[in-house]
Amino acid sequence: MAAKLAVLTVLALLGSVSCQAGYGGYGYGGGNPTPPTPTYPPAPSSPTTYPSPTPSPPAAGLRVGYYDDKCPGAEGIVREAVRGADAGIKAGLVRLFFHDCFVRGCDASVLLQPTDANPQPEMLGIPNLSLRGFEVIDAAKATLEAACPGVVSCADIVAFAGRDASYFLSGYAINFTMPAGRYDGNVSLANETLPNLPPPFADVPRLKAMFAAKGLDTVDMVALSGAHSIGRSHCSSFPDRLPPSNTSDMDPTLAAKLQADCASPTGADNTVVQDYKTPDQLDSQYYMNVINHKVLFASDAALLKSNETIPLVYAAALSPRLWQYKFGEAMVKMGGVEVKTAANGEIRKMCGFINKPYSG
């Protein structure tokens, strides 16, 4: 039954893609990827009360090629900075973009470092303590400031870097244009991370609610979950999935291996790859892993327990090119969450600090 639903889902989504693309393959290479105005479906009811995610208004003022006349070559500078990073850092850049956008929108607030005025910024929030890739953003920013002082925002650099890391990690298969024009935010609070970032133990109703609060739907949620095909996870993120758990449906062979990997020498502080088969490739293998019960998180396994997400998982597994397109589409849509403008943001001189301490 699930396979039949998946085939129907693939056909429906392929019809949607063919109407949108106008190109010779998946991606945004030949079209305009500016996302439509998001809608905000009501959060599903749940027997458990969770902290409410911060609602986000629609994107405004973003366009492809924003820097073409303001700082020619800006996107190329970011891409070259990302190109030189190893696979782990590239995976970190995809995650950095997600974590930035889900807390106060895509405004580079995740980059702000502790100061006397704000000793607890987002980067010190529990979900963000393992974030990586800051040095790539800083290197790109330094080069851009030398070429075009005060023009390219850190928020746009984070968005470009997430796009470019996806491009390289997918073997150039995920290739889309990213609208730009974001300004950098001035507020960054660690205590806003837990209520806004989906936890690894979330079920589908909670995932849907948290994504809907950002203007993202269930298709976006399942597509973006494919980023769990890259990077590593701390063992402390999935203890409920390992023996002697009587609620986990993880493949026993994988569970035994993970239990051994997590047992020593530092236990829960150990890290393991998120995708046991293609750990450094951003691909649709993740969805086969979900189907085969070979995923780390309860939130991953949950996608096979909802009638709404099951056909989407099978569709992504059956049609890698379709998933690549939908992943790029969702990345662009996510990049429009709560965008700052000149009225409520700035173009930082240094990505880790607001401008005021550095103004002359």
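Trainee: Which residues is Asp-275 in contact with, leaving aside its neighbours within four places in sequence?
Mentor: In this predicted model, Asp-275 contacts His-228, Ser-229, Asp-283, Gln-285, Tyr-286 and Asn-289.

Trainee: Where is Asp-275 found?
Mentor: Asp-275 sits in the loop between strand 2 (271–273) and helix 10 (285–291).

Trainee: Is Asp-275 buried or exposed?
Mentor: Its relative accessibility is 0%, so Asp-275 counts as buried.

Trainee: What does the side chain of Asp-275 reach?
Mentor: It reaches the backbone nitrogen of Lys-277, at 2.9 Å. The side chains of Asp-275 and Thr-278 are also joined, by a polar contact of 2.9 Å.

Trainee: And where is the place of Thr-278?
Mentor: Thr-278 is in the loop between strand 2 and helix 10. At 15% relative accessibility, Thr-278 counts as buried. Beyond its neighbours within four places in sequence, Thr-278 is in contact with Ser-229, Asp-283 and Gln-285.

Trainee: What does UniProt list for Asp-275 and Thr-278?
Mentor: An unreviewed UniProt entry lists Asp-275, Thr-278 and Asp-283 under "binding site".

Trainee: Which other residues does UniProt list for "binding site"?
Mentor: The unreviewed entry also lists Asp-100, Val-103, Gly-105, Asp-107, Ser-109 and Glu-122 under that heading. These residues span 23 residues in sequence, yet no two of their C-alpha atoms are more than 12.2 Å apart, so they gather at one spot.

Trainee: Where does Asp-100 lie, and what does it touch?
Mentor: Asp-100 lies in helix 3 (residues 87–102). Not counting residues up to four places away in sequence, Asp-100 touches Gly-105, Cys-106, Asp-107, Ala-108, Ser-109, Val-110 and Val-158. With 0% relative accessibility, Asp-100 counts as buried.

Trainee: Where does Glu-122 lie?
Mentor: Glu-122 belongs to the loop between helix 3 and helix 4 (134–147). Glu-122 counts as buried, at 0% relative accessibility. Its contacts, apart from residues up to four places away in sequence, include Val-103, Ser-109, Asn-128, Val-187 and Thr-193.

Trainee: Changing topic: how many aromatic pairs does a search of the whole structure find?
Mentor: The search finds 12 aromatic pairs.

Trainee: Where do Trp-323 and Phe-327 lie?
Mentor: Both are in helix 13 (residues 320–334), 4 residues apart, about one turn of the helix. An α-helix has 3.6 residues a turn, so residues three or four places apart point the same way. Trp-323 counts as buried at 2% relative accessibility, and Phe-327 counts as buried at 0%.

Trainee: Which rings does Arg-79 lie over?
Mentor: Arg-79 lies over the face of Tyr-167, at 4.1 Å from the ring centre. Arg-79 also lies over the face of Phe-168, at 5.9 Å from the ring centre.

Trainee: On to the backbone: which peptide bond is cis?
Mentor: The bond from Pro-243 to Pro-244 is cis, with omega near 10°. Pro-244 is in the loop between strand 1 (232–234) and helix 9 (252–263).

Trainee: What about the phi of Tyr-172 and of Glu-338?
Mentor: Tyr-172 has a phi near 75°, which is positive in a residue other than glycine. Glu-338, not a glycine either, has a positive phi of about 45°. Most residues other than glycine have a negative phi, and most peptide bonds are trans. Tyr-172 is in the loop between helix 5 (154–169) and helix 6 (193–196), while Glu-338 is in the segment after helix 13.

Trainee: Finally, how many helices and strands does the protein have?
Mentor: The secondary structure comes to 13 helices and 2 strands. Buried residues make up 53% of the 360 residues. Helix 12 (residues 310–318) is mostly covered, with 7 of its 9 residues buried.

Notes. Residues are numbered from 1 along each chain as its sequence is written. This is a predicted model: local features need pLDDT of at least 70, side-chain atom pairs count only at pLDDT 80 or more; totals for chains, interfaces and linings use all residues. Side-chain values use heavy atoms; hydrogens and water are left out. Rings of Phe, Tyr and Trp (its six-membered ring) pair if their centres lie within 6.5 Å; planes under 30 degrees apart count as stacked, over 60 as edge-to-face and the rest as tilted. Buried means under 20% relative accessible area, exposed over 50%, partly exposed in between (1.4 Å probe, protein chains only). A charge sits over a ring if NZ of Lys or CZ of Arg is within 6 Å of the ring centre and within 35 degrees of the ring normal. UniProt positions are given in the numbering used here, feature names are shortened, and annotations may be inferred rather than shown by experiment. Contact means heavy atoms within 4.5 Å. A polar contact is a pair of N or O atoms within 3.5 Å; within protein, one must be able to donate a hydrogen and the other to accept it, and residues adjacent in sequence count only if both atoms are side-chain atoms.
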